[in-house]
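Subject: Structure for your review

Dear colleague,

Please find below the structure that I am handing over to you.

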There are 2 protein chains.
Amino acid sequence: MEKGPLERSAATEYAAWFKALADPTRVQIVSLLARQGRPMSVGEIVDAVHVGQSTVSAHLKVLSEVRFVLVDQHGTSRFYRINAACVGCFPTAADVVMGRPAPITPTCPPEGGDR
Amino acid sequence: MEKGPLERSAATEYAAWFKALADPTRVQIVSLLARQGRPMSVGEIVDAVHVGQSTVSAHLKVLSEVRFVLVDQHGTSRFYRINAACVGCFPTAADVVMGRPAPITPTCPPEGGDR
DNA sequence: GTGCTGCTTAGATATCCGTCTAAGTAGCCC
DNA sequence: GGGCTACTTAGACGGATATCTAAGCAGCAC
């Protein structure tokens with residue numbers, strides 16, 4: 001039986017996920033939100049990773065676009081939180097790329113709550 | 001107890017790994033080598049992912065630098081293979097970023113065979 | 001309304017990436 | 001050696017990225 005690479009469309013999708021974490025600041029933001037397990041305002045995040053506020057904002061936008069984080073507006077603040085679906089899905093994607101069969105939940109692409 | 005983000009040095013290292021897979025062609029190459037489980041020549045890889053030979057060569061260089069793949073020279077050909085250490089380590093790294101504790105083998109940075 | 005606070009958007013800049021074509025290098029065979 | 005085969009390196013080009021400063025905008029308090 002012929003074993004080729006992942007098909008292009010799947011590879012493109014996985015690559016987009018990895019790309020979202022291809023920056024140290026974004027890795028820090030995601031790990032922070034994951035470890036805290038609660039929504040955090042942009043200001044709080046800025047205090048934890050030491051780059052400017054607008055830079056953090058831009059990174060959060062990138063992470064939102066691939067649905068690694070979700071956002072809630074509360075008054076004048078925006079609260080970002082980890083997308084629980086990704087906590088399981090993302091490592092599974094890593095497994096698939098590394099040739100391990102996907103265990104369950106084949107439809108991984110981060111769905112999630114609001115916005 | 002205060003839970004901050006991963007420290008910068010760790011985040012930088014993980015980011016480098018993800019960056020190596022932040023391109024669809026590289027995802028295809030890695031998945032191909034992982035699924036085949038045997039060393040493959042550059043020519044074979046070129047036949048499987050449809051981009052030019054020099055492009056594949058460049059991608060293989062990137063993947064070598066982070067030790068996702070290892071290489072053996074045999075005469076005029078170069079045989080690339082997946083780094084078995086990464087098959088387990090990389091998904092573990094994904095777990096860590098997603099806030100899951102690293103199960104075992106804390107020293108993950110791809111060590112490996114030759115070159 | 002005025003003014004503050006919290007965040008995003010715009011603009012600028014310097015850097016890096018993916019791909020291609022073309023040229024270089026190294027092993028092999030007659 | 002001459003020529004082929006298999007890769008890598010160099011150069012170029014268009015496009016994306018990370019960061020900063022500055023400007024905009026939307027709630028809230030008074």
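Two strands are said to pair if DSSP finds at least two bridges between them. Helices (H or I, at least four residues) and strands (E, at least two) are DSSP runs, numbered from the N terminus. This is a predicted model, in which local features need pLDDT of at least 70 and side-chain atom pairs count only at pLDDT 80 or more, while totals for chains, interfaces and linings use all residues. Residues are numbered from 1 along each chain as its sequence is written, and chains are lettered from A and ligands numbered from 1 in the order in which they are written.

The sheet of chain B

In chain B, three strands form an open sheet in the order β1-β3-β2, with antiparallel pairing. Strands β1 and β2 of chain B stand at the edges, each with a single partner strand, so one side of each is left without a neighbour in the sheet. Strand β2(B), residues 69-74, is joined to β3(B) by six bridges, and the two run antiparallel. Within this pair, Q73(B) stands opposite R78(B). The two strands form a hairpin with two residues between them, and G75(B) in the turn has a positive phi of about 60°.

The bridge partner of S41(B) is F79(B), and that of M40(B) is Y80(B). Helix α2(B) lies across β1, β2 and β3 of chain B and runs at about 80° to β3(B). For such angles, axes are lines fitted to C-alpha atoms, for helices over the stretch in contact, and angles run from 0 to 180 degrees between N-to-C directions.

The sheet of chain A

Chain A likewise has an open sheet of three strands in the order β1-β3-β2, paired antiparallel. Its edge strands are β1 (40-41) and β2 (69-74), each with a single partner strand, so one side of each is left without a neighbour in the sheet. Six bridges link β2(A) and β3(A) in the antiparallel sense, and D72(A) has F79(A) as its bridge partner. Helix α2(A) packs on the sheet, touching β1, β2 and β3 of chain A, and its direction makes about 80° with that of β3(A).

How the two chains meet

The contact takes 35 residues from chain B and 35 residues from chain A; two residues are in contact if their C-beta atoms, placed from the backbone, lie within 7 Å. On the side of chain B that touches chain A, α1 (8-20), α2 (24-36) and α5 (84-97) of chain B each supply at least two residues. Helix α2(B) gives the most, with ten residues. By class, that side has 23 nonpolar, six polar and six charged residues. Here Ala, Val, Leu, Ile, Met, Phe, Trp, Tyr, Cys and Pro count as nonpolar, Asp, Glu, Lys and Arg as charged, and the others, Gly among them, as polar.

Several residues of α5(B) are buried, including C86(B), F90(B), A93(B) and V97(B). A residue is buried if 20 or more other C-beta atoms lie within 10 Å of its own, exposed if 12 or fewer, and partly exposed in between, with C-beta atoms placed from the backbone. The buried residues of α5(B) pack against α2 and α5 of chain A together with α1 and β3 of chain B. After α5(B) comes G99(B), whose phi is positive, near 90°.

Chain B can be laid on chain A with an RMSD of 0.0 Å by a turn of 180° and a shift of 0.0 Å along the axis, with copies superposed by least squares on the C-alpha atoms of residues with pLDDT of at least 70 in both. That is the relation of a two-fold axis. The same surface serves both copies, as 100% of the contact residues of chain B recur in chain A.

A residue is near a strand if its C-beta atom, placed from the backbone, lies within 6 Å of it. DNA strand D is surrounded by 23 residues, the closest being G75(A), S41(B), G43(B), S54(B) and S57(B). The elements giving two or more residues to this surface are α4 (53-65) of chain A together with α3 (42-48), α4 (53-65) and β3 (77-82) of chain B. Helix α4(B) gives the most, with six residues. The surface near DNA strand D divides into six nonpolar, 14 polar and three charged residues.

DNA strand C is also surrounded by 23 residues, and the closest are S41(A), G43(A), S54(A), S57(A) and G75(B). Helix α4(A) provides the largest share of the surface near DNA strand C, six residues.

Kind regards
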